[in-house]
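Good morning, and thank you for coming. I would ask you to look at the sequence and the structure together while I speak.

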Amino acid sequence: MGLNGERYKVVVVDDEAMAVKAICRIIEKYCPQFEVAGSAGNGSEALKVIRKASPDLVLTDVEMPVMSGLELVRQASAEMPNLCFCIISGYQDFEYARDALREGVLDYLTNPIVRSPFSVFLCVYAWNVFW
């Protein structure tokens, strides 16, 4: 929980609906300090959701139609410099990870998401936000 007992708001972005559902389910079941504030199927939709929901964290895929996850990170960070990002992708290519880290992404996790490492990432995020 945040300093005032509030839950951290998360937006989940992936062009695969099943991936969004799985990530949201993990958050809702195993990460009570977080709430899913919205989801989107591509970076362009995500920008609209982010502007409306004002999340603390965005979990996004890299390769999506319309706008990639890296472009989403660039555009959303320009508007909201304190917004945090984590890339979740099936791509294990070092180039994607390197580019993501250069854009200031907190972490680059690969699919399939396993509950334990994902939960650990969210806990580390929560700890680092205020400490």
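Predicted model: local features only at pLDDT ≥ 70, side-chain atom pairs only at ≥ 80, totals over all residues.

Where does Val11 sit? This residue belongs to strand 1. If we set aside the neighbours within four places in sequence, Val11 is in contact with Gly38, Ser39, Val49, Ile50, Ala53, Pro55, Leu57, Val58 and Leu59. Consider Val58 in particular: along the chain, Val11 and Val58 are 47 residues apart, yet 4.8 Å separates their C-alpha atoms.

From this residue I turn to the chain as a whole. Its secondary structure consists of five helices and five strands. Read from the N terminus, the order of these elements is β-α-β-α-β-α-β-α-β-α. Of the 131 residues in the chain, 44% are buried. Let us also consider contacts between residues at least 6 apart in sequence: 64% of them join residues at least 24 apart.

How many residues does the largest nonpolar core have? There are 23, and the residues with the most contacts inside this core are Val13, Ile50, Val58, Leu72 and Ile87. Two or more residues each are supplied by strand 1 (8-13), helix 2 (43-53), helix 3 (69-79), strand 4 (84-89) and helix 4 (94-102). Helix 2 provides the largest share of this core, with five residues. Another core, of 15 residues, lies apart from this one, and its members include Tyr8, Ile23, Ile27 and Leu109.

Finally, a word on cysteines. Cys24 has a relative accessibility of 12% and therefore counts as buried. Cys31, at 1% relative accessibility, is likewise counted as buried. How many disulfides does the count give? The count comes to zero, where a disulfide would need a pair of cysteine sulfur atoms within 2.5 Å.

Thank you for your attention.

How values were computed: Residues numbered from 1 in each chain as written. Heavy atoms only, no water. Core = buried A, V, L, I, M, F, W, Y, C linked by side-chain atoms within 4.5 Å. Buried < 20%, exposed > 50% of the residue type's maximum accessible area, 1.4 Å probe, protein only. Helix = DSSP H or I, 4+ residues; strand = E, 2+ residues; numbered from the N terminus. Contact = heavy atoms within 4.5 Å.
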